[in-house]
Amino acid sequence: MSDHIKDVNDADFEIQVLQSDKPVLVDFWAEWCAPCRALTPTVEEVAVQFTGTAKVFKLNVDDNPQTSQRYGVRGIPMLVVFKDGKEVERVVGAVGKSAIVKMIDRQLEVSA
């Protein structure tokens, strides 16, 4: 993992994501998923852009079935934005950087 993206798992999801004081982007992915791997550099760019204002995590769906089931992960990659402990937006599939940035920006505007 990079300096800007951290791994999150079933055990620490509550603390890292749901109790965060900032908006959080979670990238639900798997090692075998080619679109997931292709999306990683884009998610990294977004993480760098929002350093200090939002958090970015990756959750491996194969290793963390509890959280994946809780959020109804049916297709990956799936990007979910959480704010104040609640899911506020999600997108399934490899999307462009601008779409991801807009998802986070909307949550930052709400809290401004």
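In which strand does K83 lie? K83 lies in strand β4, which covers residues 78–83, where strands are DSSP runs of E with at least two residues and helices are runs of H or I with at least four, both numbered from the N terminus. The model is predicted, so local features need pLDDT of at least 70 and side-chain atom pairs count only at pLDDT 80 or more, whereas totals for chains, interfaces and linings use all residues. Residues are numbered from 1 along each chain as its sequence is written, and side-chain values use heavy atoms, with hydrogens and water left out.

**Fold and dimensions**
- The protein has 4 helices and 5 strands, arranged along the sequence as β-α-β-α-β-α-β-β-α.
- The radius of gyration, taken over C-alpha atoms, is 13 Å, which agrees with the value near 13 Å for a compact globule of 112 residues; the globule rule is 2.2 Å times the number of residues to the power 0.38.
- The C-alpha trace spans about 40 × 25 × 25 Å along its principal axes.

**Burial and contacts**
- Of the 112 residues, 43% are buried, meaning under 20% relative accessible area with a 1.4 Å probe and protein chains only.
- Among contacts (heavy atoms within 4.5 Å) with a separation of 6 or more, 72% join residues 24 or more positions apart.

- Between K83 and K97, which are 14 residues apart in sequence, the C-alpha to C-alpha distance is 20 Å.

Methods: Buried < 20%, exposed > 50% of the residue type's maximum accessible area, 1.4 Å probe, protein only.
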